Amino acid sequence: MAGNRRGARVSQPLFHMVSGAPEPVAPFSHAVEVDGWVFLTGQMPTLPDDDTAPLPEGIEAQTRRVMDNLVIVLRGIGLGVRHVVSVRVYLTRFEQDYAPMNDVYRGYFSPDRLPARTCVGVTGLARGALVEIDCVARRESVMIGGGTSEV
Amino acid sequence: MAGNRRGARVSQPLFHMVSGAPEPVAPFSHAVEVDGWVFLTGQMPTLPDDDTAPLPEGIEAQTRRVMDNLVIVLRGIGLGVRHVVSVRVYLTRFEQDYAPMNDVYRGYFSPDRLPARTCVGVTGLARGALVEIDCVARRESVMIGGGTSEV
Amino acid sequence: MAGNRRGARVSQPLFHMVSGAPEPVAPFSHAVEVDGWVFLTGQMPTLPDDDTAPLPEGIEAQTRRVMDNLVIVLRGIGLGVRHVVSVRVYLTRFEQDYAPMNDVYRGYFSPDRLPARTCVGVTGLARGALVEIDCVARRESVMIGGGTSEV
């Protein structure tokens with residue numbers, strides 16, 4: 001992104017691939033950023049250092065792994081969970097897993113800074129996962145028209 | 001959000017909890033706003049004044065309740081359906097409920113200002129609801145670099 | 001969108017209906033745009049010139065048709081797949097169709113410019129489709145505070 005003249009803004013998306021995050025299992029970037037808005041690909045409960053290892057067992061462990069993977073991606077681009085504004089949670093066993101997923105999920109956020117969220121039950125997720133979570137984050141300070149300020 | 005110097009913008013998210021809207025049944029804010037972009041948590045067909053009351057019966061009544069709940073949240077932060085730009089609709093009985101949901105949904109919007117929308121069938125929703133709807137809205141005027149103008 | 005005074009920005013959403021794109025089967029615009037952010041309604045594998053014709057057979061053909069329909073909408077508003085930053089893919093036969101959908105999908109993007117993406121299995125889609133895809137795109141240059149520059 002670079003300001004090119006008074007009153008105009010040219011924005012080029014950044015396609016982030018984060019070292020240390022789980023290898024993409026399909027054609028996507030870990031996150032894409034434009035103008036300080038960051039769209040994070042849905043993370044799965046795969047182990048970041050061995051994508052082929054069995055998934056953690058149970059919804060609590062899988063939710064924790066998914067959230068930790070999102071944190072790895074966020075940190076890799078200089079952000080944290082405090083920058084997350086909107087979240088979607090997908091569960092393959094909705095009735096059974098909704099409450100325990102919420103219990104783990106809640107622990108990652110400050111109670112007065114809870115993102116907007118939608119959670120639905122789905123028929124299937126990659127890798128046979130029980131849970132997938134994607135989100136939108138917002139960098140606190142972005143450059144406009146020539147200035148710059150990173151957070 | 002506050003401009004801090006020429007060419008830079010610092011954006012702090014607002015985590016909106018709206019009095020009069022249904023009590024959150026899980027860890028989320030009713031809506032989160034940054035730079036005039038507002039992400040609304042998916043609303044359920046719960047009664048705003050009694051979250052434990054039985055849900056309205058049938059897809060028409062539940063769609064109306066969900067849309068009315070979204071309107072409560074939007075109004076609580078000074079917005080209306082005319083500010084909605086993007087919507088997602090989740091149905092637990094897709095084949096059966098898609099057409100009647102559309103009939104009710106359509107009535108909330110001006111025909112020349114229909115939001116972008118995606119509607120899919122899901123295996124489960126909180127509270128055993130038939131329908132959940134979330135959306136993104138845009139405040140018409142936002143402050144940049146020191147000025148301010150609310151709508 | 002028009003700048004109204006120093007430091008403020010007034011943004012009016014554009015509700016795009018694109019000639020040549022499939023007729024909307026429900027109450028939505030093809031795409032809605034504010035400040036260079038474009039929200040595209042989920043496209044179905046319907047034929048753009050005959051919405052009542054049978055859908056293409058199989059996930060490969062349907063994925064191709066969906067992506068081609070998205071391209072029609074993008075081109076209709078002066079954009080292309082290179083402007084897409086975030087994608088959601090919905091499949092009605094997740095296990096069976098995830099891999100072949102990926103193979104077709106991948107071909108539409110430059111390998112170093114892959115959008116963030118989430119893909120989930122759903123219980124139903126309009127028109128009995130196997131796949132629906134929606135996305136968010138970003139115009140490269142937008143007017144702020146009086147200047148203008150289109151890409």
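What average pLDDT does chain A have, and what share of its residues score at least 70? The average is 90, and 87% of the residues reach at least 70; pLDDT is the predictor's confidence in each residue, from 0 to 100.

**Before you start**

This is a predicted model, in which local features need pLDDT of at least 70, side-chain atom pairs count only at pLDDT 80 or more, and totals for chains, interfaces and linings use all residues. Residues are numbered from 1 along each chain as its sequence is written, while chains are lettered from A and ligands numbered from 1 in the order in which they are written. For the complex, the predictor gives an ipTM of 0.90 and a pTM of 0.91.

**Stop 1: the ends of chain A**

Select residues 1–6 of chain A, where the pLDDT is below 50. Beyond near neighbours in sequence, this stretch has 15 contacts in the model; two residues are in contact if their C-beta atoms, placed from the backbone, lie within 7 Å. Now pick residues 146–151 of chain A: pLDDT stays under 50 here too, and the model has 17 contacts beyond four places in sequence for them. Where pLDDT is low, the predicted coordinates should not be read in detail.

**Stop 2: the whole of chain A**

Show chain A as a cartoon and you can find two helices and nine strands. Helices (H or I, at least four residues) and strands (E, at least two) are DSSP runs, numbered from the N terminus. Starting at the N terminus, the order is β-β-β-β-β-α-β-α-β-β-β. Of the 151 residues in chain A, 51% are buried. Buried means that 20 or more other C-beta atoms lie within 10 Å of the residue's own, exposed that 12 or fewer do, and partly exposed anything in between, with C-beta atoms placed from the backbone.

**Stop 3: the sheet**

Next, colour the strands E3-E4-E5-E8-E6-E7 of chain A, which in that order form an open sheet with mixed pairing. Strands E3 (14–16) and E7 (116–121) of chain A stand at the edges with a single partner strand each, so one side of each has no neighbour in the sheet. From one strand to the next, the twist averages 10°. Axes are lines fitted to C-alpha atoms, for helices over the stretch in contact, and angles run from 0 to 180 degrees between N-to-C directions.

Two strands pair if DSSP finds at least two bridges between them. E3(A) and E4(A) (residues 31–34) are antiparallel and share three bridges; to see this pairing, select Phe15(A), which stands opposite Val32(A).

**Stop 4: strand E8 of chain A**

Select residues 131–138 of chain A: eight of the eight residues in E8(A) are buried. Val131(A), Ile133(A), Cys135(A) and Ala137(A) point one way, and Glu132(A), Asp134(A), Val136(A) and Arg138(A) the other.

Which strands pair with E8(A)? E5(A) (residues 37–43) runs antiparallel to E8(A), joined by five bridges, and Trp37(A) stands opposite Arg138(A). E6(A) (residues 84–91) is also antiparallel to E8(A), over seven bridges; there Arg88(A) has Asp134(A) as its bridge partner.

**Stop 5: the two helices**

Select residues 58–76 of chain A to bring up H1(A). Its buried residues include Ile59(A), Val66(A), Leu70(A) and Val73(A), and the buried residues of H1(A) pack against E4, E5, H2 and E8 of chain A. The 19 residues of H1(A), at 1.5 Å a residue, should span 27 Å, and the end C-alpha atoms are 27 Å apart, which agrees; the expected span is 1.5 Å times one less than the number of residues. After H1(A) comes Gly78(A), with a positive phi near 80°.

Move on to H2(A), residues 94–106, which lies across E6, E7 and E8 of chain A and runs at about 145° to E6(A).

**Stop 6: across the chains**

Find Ala116(B) in strand E7 of chain B. Is Ala116(B) buried or exposed? Ala116(B) counts as buried because 29 C-beta neighbours lie inside 10 Å. The residues that Ala116(B) touches include Val85(B) and Ser86(B), along with Phe28(C), Val32(C) and Leu40(C).

Finish with the largest nonpolar core, which has 126 residues. Such a core is a set of buried Ala, Val, Leu, Ile, Met, Phe, Trp, Tyr and Cys residues joined through C-beta atoms within 7 Å. Among the residues with the most contacts inside this core are Leu91(B) and Val131(B). Select Leu91(B) and look for its contacts, including Tyr98(B), Met101(B), Cys119(B) and Val131(B).
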